[in-house]
Amino acid sequence: MLRKFVVLVLAVMLLTVAAASAQDAPVVTIAPDGSVVIGLAAALSGEGLAPLGEDIQRGAELALDARPTVTVEGKEFAVKLDPQDDLCSAEGGQTVANRFVADAGVVGVVGPMCSSACRAAAPIFDAAGYSSISPSCTAPGLTLSGYTSFNRAVVSDGFQGVVAAEFIYNTLGVRKIATIHDGSPYGAGLVEVVTKRFTELGGEVVAADAVNVGETNFRSTLENIAAEEPELIYFGGFAAEGARLAQQRADAGMKDVIFMGADGIKGGEYPTLAGAAAVGTYASSAIPEESDTVAEVLAKYLEKYGLEKPTGPFWPNAYDATNMILDAIEAVGTLDADGNLVIDRAALQEYIRSIKDFKGLSGVLNCDGTGECSAAKIGIIQYGEGGAEIEVAVGVPNPDGSITIEVPES
């Protein structure tokens, strides 16, 4: 009890410090020979997580390679990235947010990476008047919670989950599914959306369970699910747990039961950790527009980092988030009499939330004032041998709010 009280007191103190910093420093002032600092919060460590965070960092770095300065009133200022590990957790998101708001020179933040980290960081950023744009926090409730600092350059799971449900029901023809999530806002939120839409379509969720991050043995969970005879298991979570669930389902008598997840198991370490069990499984994620610019940036990504393919799906979103912040700085920044760059935090927030027709790698982004900016397509891939990713469907949002599932010609 005492420990909980101490943690609560510390949290209140940290928020008080953040609020004081917002009052004391409503603007960022950068000397003529100084640099604009953009914070980056992503999971840069952890099994199944680091490849996703590194992918996000690379997207931001590529944006700064192409645009190493901002120009305000004819004066150029260098831009630097400050990457920090948010651990894909509430505790990590809170720690990184407190680090950034303690630094009055950090103009804005790309990230955090995971919805749990975004949810923990948002009140701290709110109190300090900071702006963040996440390339990957997809939990639907994040833009419904009244946060003033939170924005995202990635499509909400409110859309991704609906696409998954319609693909499962209409394209795969599945009528009975089981769901598993990892207890995170991301995983639980995604499963909630899939469940709602799948049952609306006429499907049945015959079992619903949750696992803990870090667990490795899911035999009992899977045996309980097997007793309900699902045709498909839908998983909301990340690579490490997803890979072990995919592997262990055969031990529970579900070798032929389809396994599907979302961007948490798209690329990264999932196909390697799952091995042969990954073959035939499905994953969804937002996909960038097809364009010469996307192809050029992807080529630079692979060349710069010596890779055959990106380690995650979010590099285009991080690239866009970075450029959105840079656009906002150039739009609201001014020079004072001494040649210092002055950036009003409130004006920066307002500009980001009103961005319209931003032509990014992930698509055309329009921010609606709540932090929601993206309306990208959702691609669904099936894993083949050696981790090969075979596109099997694309979910496209229609102007009337409906969804079209497009299946490529074989």
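Visitor: How much space lies in the second largest pocket?
Guide: About 200 Å³ of space lies in the second largest pocket, where a pocket is an open set of points on a 1 Å grid over the protein atoms alone, with protein on both sides within 12 Å along at least five of seven lines. The volume is the space filled by probe spheres set on the points, which are joined across faces, edges and corners. This is a predicted model, in which local features need pLDDT of at least 70 and side-chain atom pairs count only at pLDDT 80 or more, while totals for chains, interfaces and linings use all residues. Residues are numbered from 1 along each chain as its sequence is written, and side-chain values use heavy atoms, with hydrogens and water left out.

Visitor: Which residues lie nearest the centre of that second largest pocket?
Guide: Leu49, Val213, Gly214, Phe238 and Glu241 lie nearest the centre of the second largest pocket, out of 20 lining residues, a lining residue being one with an atom within 4 Å of a point. Two or more lining residues come from each of α4 (115–128) and α8 (239–248), and α8 gives the largest share, four residues. Helices here are DSSP runs of H or I with at least four residues, and strands are runs of E with at least two, numbered from the N terminus.

Visitor: Which domains does the lining of the second largest pocket draw on?
Guide: Domain 1 (27–154 + 314–375) and domain 2 (158–286 + 378–406) each supply at least three residues to the lining of the second largest pocket, with bounds taken from an automatic or database domain assignment. By class, that lining has nine nonpolar, six polar and five charged residues, where Ala, Val, Leu, Ile, Met, Phe, Trp, Tyr, Cys and Pro count as nonpolar, Asp, Glu, Lys and Arg as charged, and the others, Gly among them, as polar.

Visitor: And what about the space in the largest pocket?
Guide: The largest pocket holds about 730 Å³ of space. Its lining comprises 26 residues, of which Lys266, Ala286, Ile287, Pro288 and Glu391 lie nearest the centre. The elements that contribute two or more of these lining residues are β12 (282–287), α10 (292–305), α11 (315–332), β17 (377–383) and β18 (389–397). In terms of class, the lining of the largest pocket has 14 nonpolar, four polar and eight charged residues.

Visitor: Switching topic, how many salt bridges does the structure hold?
Guide: The structure holds 13 salt bridges, each a side-chain nitrogen of Lys or Arg within 4 Å of a carboxyl oxygen of Asp or Glu. One of them pairs Arg99 with Asp82, the closest N and O atoms being 3.0 Å apart. Arg99 lies in helix α3 (residues 90–101) and Asp82 in strand β4 (residues 75–85), so the pair ties together parts that are 17 residues apart in sequence.

Visitor: Is Asp82 buried or exposed?
Guide: Asp82 is buried at 15% relative accessible area, whereas Arg99 is partly exposed at 40%; buried means under 20%, exposed over 50%, and partly exposed in between, with a 1.4 Å probe and protein chains only.

Visitor: What does Glu166 pair with?
Guide: Glu166 meets Arg197 in a salt bridge of 3.0 Å, N to O. Glu166 belongs to helix α5 (residues 157–171) and Arg197 to helix α6 (residues 185–201), so the pair links parts that are 31 residues apart in sequence. Glu166 is buried at 9% relative accessibility, and Arg197 is partly exposed at 23%.

Visitor: Which residue does Glu200 bridge to?
Guide: Glu200 forms a salt bridge with Lys196 (2.6 Å, N to O), and both lie in helix α6, four residues apart, about one turn of the helix. Glu200 is partly exposed at 45%, while Lys196 counts as exposed at 53%. Salt bridges that share partners join Glu166, Lys196, Arg197 and Glu200 into one network.

Note on methods
1 Å grid on protein atoms, 1.4 Å probe; cavity = no way out; pocket = protein on both sides within 12 Å on 5 of 7 lines; lining within 4 Å.
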